[in-house]
Amino acid sequence: MRISVIGCGYLGAVHAACMAKLGHEVVGIDVDERKIADLSAAQAPFYEPGLEALLQDVQETGRLSFTTDMAAAAGSEVHFICVGTPQKKGENGADLTYVDAATLSLLPYLAPGDVVVGKSTVPVGTAARLADLVAEQQPLAHLVWNPEFLREGHAVSDTLRPDRFVYGVNGGSEDHTAVAVLDEVYEAPLSSGTPRLVTDLPTAELVKTAANSFLATKISFINAMAELCEAAGADVTRLADAIGMDDRIGRKFLNAGIGFGGGCLPKDIRAFMARAGELGADQALTFLREVDAINMRRRTRVVELTRELCGGSLLGMRITVLGAAFKPESDDVRDSPALSIAAQLQLQGAVVTVTDPKALPNAARRFPELQYVENIDSAVDKADAVLLLTEWQEYRDLDPHLLRDTVSSPRILDGRNILDPGKWRSAGWQYRGLGRP
Ligand code: UGA
């Protein structure tokens with residue numbers, strides 16, 4: 001099939017490459033010339049495992065091209081809208097500027113029978129509004145909502161082998177023409193057993209925000225338990241292991257630590273609350289305010305614990321922060337709890353050095369006032385305390401004996417509860433986890 005993908009960020013670039021991998025002829029369109037130049041040269045404009053190899057692989061087939069010219073969408077039967085919906089400045093709601101602009105600039109190129117497929121995360125009601133715009137311009141085209149559930153760091157495999165497809169179509173019927181079109185787009189994953197659900201437009205939009213809100217709630221639940229464990233002298237990691245064995249609860253997303261960040265969960269729960277308010281259903285989501293508050297408290301807690309670890313004052317303390325990305329296997333620093341903690345510590349008088357295997361250039365753009373060191377041995381050299389804030393594998397594998405000889409004082413705060421406290425303590429370290437004795 002001929003497919004256009006509008007927006008080539010974390011979602012769109014991966015989606016375009018994966019659609020070409022599935023055998024379609026794909027054009028990726030973005031207003032950012034640098035991004036398009038990188039992608040045209042089969043270079044990923046951000047770090048995502050497997051993406052660059054996939055771009056090279058599909059580019060050789062000639063099925064994938066990139067451009068800044070929206071006119072290239074003409075002739076495609078399916079148009080995926082994959083642009084960002086960030087948080088509005090100074091408000092909780094989602095900024096729909098990019099979704100609206102992408103849709104409006106696509107309209108002149110729509111032909112009868114075309115299907116416009118929204119993948120961006122949007123406030124419920126957006127799809128119906130955009131469907132009207134499409135219908136006004138081209139009554140024989142369709143707009144459907146097909147939310148994306150990919151995780152950064154696993155984006156390629158999540159796109160090629162998702163755990164489900166949700167198609168939101170006007171009326172919610174299996175017989176809608178666009179259902180067959182999407183089935184053709186996703187023929188390969190569908191034939192290998194990926195389930196798909198057809199819903200109406202608002203349900204499809206809500207599935208996405210509900211899923212992210214549930215995940216955020218699960219993380220904040222366990223972080224609230226961490227607060228309690230600290231007060232009671234219990235261990236939240238064992239608590240999570242034990243409750244997670246109940247398969248109604250499940251162990252995934254029950255890792256207590258410095259909390260969630262990134263370009264999705266934080267802004268999605270806020271936009272969800274804002275939208276609920278507009279719909280007169282704000283009470284239904286007031287609990288998300290608490291979810292957000294628990295999450296933000298983690299960052300303050302880590303600053304306080306670091307102060308304790310340093311003997312009561314941060315002034316002049318040399319603190320090394322391991323990890324700047326909001327999660328491992330990503331160079332994304334949007335709302336990264338690690339970086340936000342690093343910046344807070346610096347503001348409170350510590351001398352902070354940050355290291356990360358992939359995210360330093362992005363981190364330096366976001367917080368130019370922090371010191372960044374690529375090499376981990378140099379980063380920890382003469383540190384008064386080390387904070388592990390993003391759980392990259394290489395930090396999990398650190399040898400406490402070797403590290404002890406480099407630092408000035410062997411104190412470690414394990415912000416992700418991934419180290420073995422016994423091992424670190426017996427190597428002479430003062431170890432602090434979150435929600436652990
Ligand atoms: C999230 C969702 O997981 C995806 O399904 C969704 O498609 C995506 O948002 C999106 O809306 O586009 P992502 O932001 O890539 O994906 O990251 P997650 O893996 O969900 O992690 C989010 C944050 O939660 C990270 O900061 C992570 O460190 C933190 N986290 C995760 C915890 O603190 N504890 C956990 O147990 C799990």
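A salt bridge, for this talk, is a side-chain nitrogen of Lys or Arg within 4 Å of a carboxyl oxygen of Asp or Glu. Keep that in mind. One caution as well: this is a predicted model.

Let's start with the layout. The protein is split into domain 1, residues 2-199, domain 2, residues 208-288, and domain 3, residues 293-432.

The contact draws on 18 residues of domain 2 and 19 residues of domain 3.

How much area do domain 2 and domain 3 bury between them? About 1,600 Å², with 47% of it on carbon and sulfur atoms. On the domain 2 side, look for Glu227, Glu230 and Ile258. Together they supply 39% of the area that domain 2 buries against domain 3, more than any other three residues.

Now back to that opening definition. How many salt bridges does the rule find across the interface of domain 2 and domain 3? The rule finds 2. Please find Glu227 again. Its side chain meets that of Arg297 in a salt bridge, at 2.9 Å from N to O. In general, side chains of opposite charge can pair when their charged atoms come close.

Polar contacts are next. Between domain 2 and domain 3 there are 9 residue pairs in polar contact, with both residues at pLDDT 80 or more.

Which helices build the domain 2 side? Helix H9 (201-232), helix H10 (236-244) and helix H11 (265-278) each supply at least two residues of it. H9 gives the most, with 6 residues. By class, that side of domain 2 has 7 nonpolar, 8 polar and 3 charged residues.

On to the ligand. It is surrounded by 21 residues, and the closest are Phe149, Leu150, Glu152, Lys208 and Asn212. Take Lys208 from that list. One of its polar side-chain atoms lies 2.8 Å from an oxygen atom of the ligand. Arg416 also reaches a ligand oxygen atom: an N or O atom in its side chain is 2.9 Å away. Leu254 uses its backbone, with an N or O atom 3.4 Å from an oxygen atom of the ligand.

Last, the wider view. The whole structure has 25 salt bridges. One of them joins the side chains of Lys119 and Glu148, at 3.4 Å from N to O. This pair links distant parts of the chain, 29 residues apart. Lys119 sits in the loop between strand E5 (115-118) and helix H5 (126-137). Glu148 sits in the loop between strand E6 (142-145) and helix H6 (155-160).

Notes
Residues are numbered from 1 along each chain as its sequence is written. This is a predicted model: local features need pLDDT of at least 70, side-chain atom pairs count only at pLDDT 80 or more; totals for chains, interfaces and linings use all residues. Side-chain values use heavy atoms; hydrogens and water are left out. Domain bounds come from an automatic or database domain assignment. Contact means heavy atoms within 4.5 Å. Buried area is the accessible area (1.4 Å probe) that two parts lose on being put together, summed over both. A polar contact is a pair of N or O atoms within 3.5 Å; within protein, one must be able to donate a hydrogen and the other to accept it, and residues adjacent in sequence count only if both atoms are side-chain atoms. Helices (H or I, at least four residues) and strands (E, at least two) are DSSP runs, numbered from the N terminus. Ala, Val, Leu, Ile, Met, Phe, Trp, Tyr, Cys and Pro count as nonpolar, Asp, Glu, Lys and Arg as charged, and the others, Gly among them, as polar. A residue is near a molecule or strand if one of its heavy atoms lies within 4 Å of it.
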